[in-house]
Amino acid sequence: MADEALFLLLHSELVSCVYKSPEQGEAENGRCITKLESMGFRVGQGLIERFTKDTARFKDELDIMKFICKDFWTTVFKKQIDNLRTNHQGIYVLQDNKFRLLTQMSAAKQYLEHAPKYLAFTCGLIRGGLSNLGIKSIVTAEVSTMPACKFQVMIQKML
Amino acid sequence: MSRQSNRGTESKKMNSELFTLTYGALVTQLCKDYENDEDVNKQLDKMGYNIGVRLIEDFLARSNVGRCHDFRETADVIAKVAFKMYLGITPSITNWSPAGDEFSLILENNPLVDFVELPDNHSSLIYSNLLCGVLRGALEMVQMAVDVKFTQDTLKGDSVTEIRMRFIRRIEDNLPAGEE
């Protein structure tokens with residue numbers, strides 16, 4: 001068992017290591033987000049393999065999303081996703097009202113412009129997890145007031 | 001790890017696989033970003049240092065450990081309290097130098113390397129070098145300048161992992177000019 005503080009500090013070090021200069025262009029910013037996201041992706045892939053070792057096969061897409069919201073989120077962030085919504089056409093919105101990686105930062109709009117950096121890794125985490133369960137997706141995140149945030153999962157239909 | 005096993009554990013405890021895998025992803029990324037292993041080692045140490053200087057606050061606040069009077073006491077606290085608290089392991093302390101300013105931490109199993117195999121072309125990579133930075137940074141915040149390095153590593157075929165710690169000097173309090 002590791003301690004939570006370690007992961008939180010490692011994660012913020014990860015972010016500041018990827019973002020070398022504070023002032024940079026849009027293109028460079030995008031590259032940083034991609035880097036963080038792809039790290040998350042790898043971790044998500046690894047985690048889901050470990051977590052689903054002893055679970056029964058999933059019935060369908062919704063079942064998988066529920067697993068992500070409940071078990072996966074609980075193991076990683078020690079709470080469940082607070083709200084899961086879907087349009088039944090491949091878009092899911094996962095809302096976390098108290099997202100662990102933002103709680104220590106702010107409880108309002110302060111530092112809002114820095115929030116995306118701290119979400120990219122987790123977007124990758126979700127996408128990597130889903131990918132290893134056979135679902136190709138695009139995951140984005142948005143924050144309007146910290147520490148609440150919404151992850152939007154768009155399922156890409158396999159042709 | 002099964003779905004149930006993590007429920008109801010202590011609130012500060014978390015899944016260590018998340019930490020291990022995240023660390024692995026970081027090292028992988030650094031190996032892509034930098035051309036040689038030396039630079040990766042350096043970067044890992046630097047990141048560890050940044051973590052250490054902050055982790056010490058968390059540690060002191062939670063552990064109720066007071067000031068250490070000698071290096072032996074420091075060694076005990078590191079091995080028995082700090083490693084236990086953050087990584088869930090208790091390294092053993094050996095190889096004290098006669099002067100009592102150097103010792104080794106022996107890790108039977110290093111949680112950072114749980115799923116790792118080093119490819120041949122990274123022979124000089126010190127995979128867990130972050131730990132050295134963490135120890136150095138944390139101790140610097142309690143006025144101890146210490147040299148930390150890996151001397152044995154299971155990833156490189158040694159039977160145990162050994163971290164060598166050498167006390168350099170006590171850092172004196174530097175008051176800003178004009179203040180008493």
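Colleague: Hi! Quick one to start: is Ser137(A) buried or exposed?

Modeller: Ser137(A) counts as buried, because its relative accessibility is 7%. Buried means under 20% relative accessible area, exposed over 50% and partly exposed in between, with a 1.4 Å probe and protein chains only. Keep in mind that this is a predicted model: local features need pLDDT of at least 70, side-chain atom pairs count only at pLDDT 80 or more, and totals for chains, interfaces and linings use all residues. As for conventions, residues are numbered from 1 along each chain as its sequence is written, chains are lettered from A and ligands numbered from 1 in the order in which they are written, and side-chain values use heavy atoms, leaving out hydrogens and water.

Colleague: Thanks! Which strand is Ser137(A) found in, and what does Ser137(A) touch?

Modeller: Ser137(A) belongs to strand β4 of chain A, residues 136–142. Strands (E, at least two residues) and helices (H or I, at least four) are DSSP runs, numbered from the N terminus. Leaving aside residues up to four places away in sequence, Ser137(A) touches Arg127(A), Leu130(A), Val153(A), Met154(A), Ile155(A) and Gln156(A). Contact means heavy atoms within 4.5 Å.

Colleague: And what is the strand order in the chain A sheet?

Modeller: The order is β2-β3-β5-β4, in an open sheet of four strands with antiparallel pairing. Two strands pair if DSSP finds at least two bridges between them. At the edges are β2 (83–86) and β4 of chain A, each pairing on one side only. From one strand to the next, the twist averages 20 degrees.

Colleague: How many bridges join β3 and β5 of chain A?

Modeller: Six bridges join β3 (residues 91–96) to β5 (residues 149–156) of chain A. Asp96(A), for one, has Cys149(A) in β5(A) as its bridge partner.

Colleague: Which strands do the helices α3(A) and α5(A) lie on?

Modeller: α3(A) packs on the sheet and touches β2, β3 and β5 of chain A, its direction making about 15 degrees with that of β3(A). α5(A) lies across β4 and β5 of chain A, at about 155 degrees to β4(A). Angles run from 0 to 180 degrees between N-to-C directions, and axes are lines fitted to C-alpha atoms, for helices over the stretch in contact.

Colleague: At what angle do α3(A) and α5(A) pack?

Modeller: Helix α3 (residues 61–77) and helix α5 (residues 117–132) of chain A pack at about 130 degrees, with axes 11 Å apart. That makes α3(A) oblique to α5(A): under 35 degrees is roughly parallel, over 145 roughly antiparallel, 65 to 115 roughly perpendicular, and the rest oblique.

Colleague: Which residues meet there, α3(A) to α5(A)?

Modeller: From α3(A), Ile64(A), Met65(A), Ile68(A), Phe72(A), Trp73(A), Val76(A) and Phe77(A) meet Thr122(A), Leu125(A), Ile126(A) and Leu130(A) of α5(A).

Colleague: Switching to chain B: why is β3(B) largely enclosed?

Modeller: Five of the six residues of β3(B) are buried, so the rest of the structure largely encloses that strand. β3 (residues 102–107) of chain B runs antiparallel to β5 (residues 161–170) of chain B, joined by six bridges. Three bridges also join β2 (residues 92–94) of chain B to β3(B), again antiparallel.
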